[in-house]
Amino acid sequence: MRRCVVGLLVVALAGLCPAAAPVIDVTVQGVARQSLALGAQGSGAGGEAFVRTLRNDLARCGWYRLASGAAQVRVGGAVSGADGVAERLTVEWPGRRFAWERQAADAAQARRHAHELADAIVGATTGEKGIAQSRLALVAKSGTRRDGTAIEDLYVCDYDGHNLRRVTRDGAPIVGPRWAPNGREVYFTSYRLGYPAVFVADVASGAVRKLADFRGLSTGAVPSPTDPGRVALILSHQGNPELYVMDVATRRLTRLTETKLAAEASPCWSPDGRQICYVSDRSGSPQLYVVDVATKATRRLTLRGGENVQPDWGKGGIVFATKRGAPYRIAVIDPARGEESVRFLTPMNDQYESPSWAPDGRHVVAARTQGRETSVWVLDAAERGDAPYKPFSGAGTQWQNPAWSK
């Protein structure tokens, strides 16, 4: 049976008392990675926060079945937290051992350390990218003005709903937030000027700068995953809404579509940065199309359904919202196989919109509307995945247009 190694960094911190420092033993064995036993104990607010966060991360990542007793993956030991949070881990596999030491100042930092450990375990035992350190951007609708326009602002939070923080404060309607590859900025369309224009927000400082404000419509901006200096967006300064790629440094525009009697919307890049999926109504209804950025060769992707909109391209395929004789549902399509590969992630009677892939290519965040409430839900795209769950609740606020950092 093959053995796997947890890839943790060895960090030595001055001032950590060895006598008082607890130990977490992590043993990873085998290739059948379904079961995980978490026996770690936490004391004090920080220690309890660490263990609680780690348990939640490992349960929600989708790769393990939490078990007691024998398991392929075993996490044991304790984390203590009084004035600070002392974490000392030993990582063991047959015949080898190393230590990883951390000292957290408070429970918030202990949570971040737990996220790091969860992603390290996922990476070591599955070879997949973890989601515990990722974040969500989302739009909060808190009311409606007398003229009927929505009062909306951009927020960000951890993937599990913790550390929810407001980024914009102008209350202008917002459409289509998308994370930059650096995980520090969010691109979005705002009506703060009275018309749609593209802005970029620094989520740490809250600073917002204007990216595109061409005559007519400027919307749908999303940076290339391989070259953040190139941004796909929809512009109507030359007529009807068309798909362009803009060089951010020079502001040079490359037009990729020319459909005089149609409108384009909602671009998203392929993971390799060579293609863009977008929505066009050139056939008479909104459908998904794919264009090669270098050659401008275009092909239609979806063939059925009255509306196929809001695509997001990840390593799991293209996830999108579709209306096929029911409220909007979330579906996945393989761009190489086309319509025959469409697979639905949500049932017919539940309305879900605005899907966005997680960095693991397995989970999807989307907005679900139930009655008058719209909230954020996480879907597992695996064939026999976990049930959808709501990472947090926000009474009195409509949470919509979520985007998962990559």
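Me: Is C157 buried or exposed?

Reply: One note before that: this is a predicted model, where local features need pLDDT of at least 70 and side-chain atom pairs count only at pLDDT 80 or more, while totals for chains, interfaces and linings use all residues. Residues are numbered from 1 along each chain as its sequence is written, and side-chain values use heavy atoms, with hydrogens and water left out. Buried means under 20% relative accessible area, exposed over 50%, and partly exposed in between (1.4 Å probe, protein chains only). C157 has a relative accessible area of 1%, so the word for C157 is buried.

Me: How many disulfides does the structure hold?

Reply: A disulfide here is a pair of cysteine sulfur atoms within 2.5 Å. By that cut-off the count is zero.

Me: And which cysteine has the sulfur nearest to that of C277?

Reply: C277 is in no disulfide, and the nearest cysteine sulfur is 4.5 Å away. C277 is also buried, at 0% relative accessibility.

Me: On to S375. Which side chain does the side chain of S375 join in a polar contact?

Reply: With a relative accessible area of 3%, S375 is buried. A polar contact is a pair of N or O atoms within 3.5 Å; within protein, one must be able to donate a hydrogen and the other to accept it, and residues adjacent in sequence count only if both atoms are side-chain atoms. At 3.0 Å, the partner of S375 is W377.

Me: Which residues does S375 touch, leaving out those up to four places away in sequence?

Reply: Contact means heavy atoms within 4.5 Å. On that basis the list for S375 is A366, A367, R368, K390 and W399.

Me: What percentage of the residues in the protein chain is buried?

Reply: The protein chain comes to two helices and 30 strands. For contacts with a separation of 6 or more, residues 24 or more positions apart account for 47%. Of the 406 residues, the buried part is 53%.

Note on methods:
Helices (H or I, at least four residues) and strands (E, at least two) are DSSP runs, numbered from the N terminus.
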